[in-house]
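Open your viewer and get ready to select residues by number. This tour goes stop by stop, and each stop says what to pick and what is there.

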Amino acid sequence: LASPDIVSFTTSDRNVYAVVARCTTRGCRGYQFAHGATSTTHWQKEPLAFEPDGPMLGLAAHGLEVWLLGTPKRSRFARHDLLARSIDGGHTFTTSAGPCFPGLGGELEPSSTRVVWAVCSTGMMGAASRSNDSGADFAPLPSPPLVNSAQAAPASDGTAIITTGGVGRPLYRTTNGGQTWKPVAPTGKNDSWYDVAFIDRRVGEALLESGGRAATVWRTTDAGATWSKIPQR
């Protein structure tokens, strides 16, 4: 596609959403929000809901609802980053305080138009939170200790898997909206889980790396309760 640099990208409900900009080693400028159907090469581009202070932006979508997380320019001493929300496929946005810290970034994972899971960097560690009102408010979750590379992967509004980001740590699973977590999946002392994603409410896949060797693919068919390795051909 003839386009500026893609800063962040996601798809949902046969639509594509992206943040694009003109980027060099000195930074990015001219941020725009691009969206369109996945079947076309033409993207409609509009100004962002806020001017970000850099390319560390989280973008997520579910149906026609879109969430954009980032730090506005000239908000160095703010307590929270900013969350822009759209209910019409990105045509219009409203903004409110986000769940993460300014300048440190975070990832959003919606499990429905109402429930959004978030994992935020805190500097040395990571923190998980969850919203029950489409991102208007987030409540912190009592998750296991996380590092900055931790990731949440919801299978439904109540069930999710979280990677701690640590070596030798298992996947953790919740079935009550993040209030309690239990370890699942086999893990050796040199193993690291990452890139967990669910295809539907029961089927998901994850990558497991062990001691620098090539990653293997694992699959669950019971919403993350058990995992099995996919044989390599």
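**Stop 1: the disulfides**

Start with the cysteines. The count comes to two disulfides, where a disulfide is a pair of cysteine sulfur atoms within 2.5 Å. Before you click, note that this is a predicted model, in which local features need pLDDT of at least 70, side-chain atom pairs count only at pLDDT 80 or more, and totals for chains, interfaces and linings use all residues. Residues are numbered from 1 along each chain as its sequence is written, and side-chain values use heavy atoms, with hydrogens and water left out.

Select Cys23 and Cys28. A disulfide joins them, with 2.0 Å from S to S. The angle about the S-S bond is 110°, and the link is right-handed. Cys23 is partly exposed at 26% relative accessible area. Cys28 is partly exposed too, at 23%. Here buried means under 20% relative accessible area, exposed over 50%, and partly exposed in between (1.4 Å probe, protein chains only).

Now select Cys100 and Cys120. They form a disulfide, again with 2.0 Å from S to S. This link is left-handed, with -65° about the S-S bond. Cys100 lies in the loop between E8 and strand E9 (106-110), and Cys120 lies in strand E10 (residues 116-121), so the pair ties together parts that are 20 residues apart in sequence. Are Cys100 and Cys120 buried or exposed? Both are buried.

**Stop 2: the whole protein**

Zoom out and switch to a cartoon view. The protein has zero helices and 20 strands. Helices (H or I, at least four residues) and strands (E, at least two) are DSSP runs, numbered from the N terminus. The radius of gyration is 18 Å, close to the 17 Å that the globule rule gives for 233 residues, so the protein is as compact as a globular protein of that length. That radius is taken over C-alpha atoms, and the rule is 2.2 Å times the number of residues to the power 0.38. Along its principal axes, the C-alpha trace spans about 45 × 40 × 35 Å. Of the 233 residues, 48% count as buried.

**Stop 3: strand E7 and its partners**

Select residues 82-86. This is strand E7, and four of its five residues are buried. Five bridges join E6 to E7, and the two run antiparallel. Strands pair if DSSP finds at least two bridges between them. Look for Val66, which stands opposite Ser86 in E7.

E7 and E8 are joined by four bridges and run antiparallel. Ala84 stands opposite Thr95 in E8.

**Stop 4: the salt bridges**

Side chains of opposite charge can pair when their charged atoms come close. How many salt bridges does the structure hold? It holds three. A salt bridge is a side-chain nitrogen of Lys or Arg within 4 Å of a carboxyl oxygen of Asp or Glu.

- Select Glu51 and Lys73. Their closest N and O atoms are 3.5 Å apart. Glu51 lies in the loop between strand E4 (44-47) and strand E5 (58-62), and Lys73 in the loop between E6 and E7, so the pair ties together parts that are 22 residues apart in sequence.
- Select Asp157 and Arg114. The closest N and O atoms are 3.3 Å apart.
- Select Arg219 and Glu205. Their side chains meet at 2.6 Å, N to O. Arg219 sits in strand E19 (residues 216-220) and Glu205 in strand E18 (residues 204-210), 14 residues apart.
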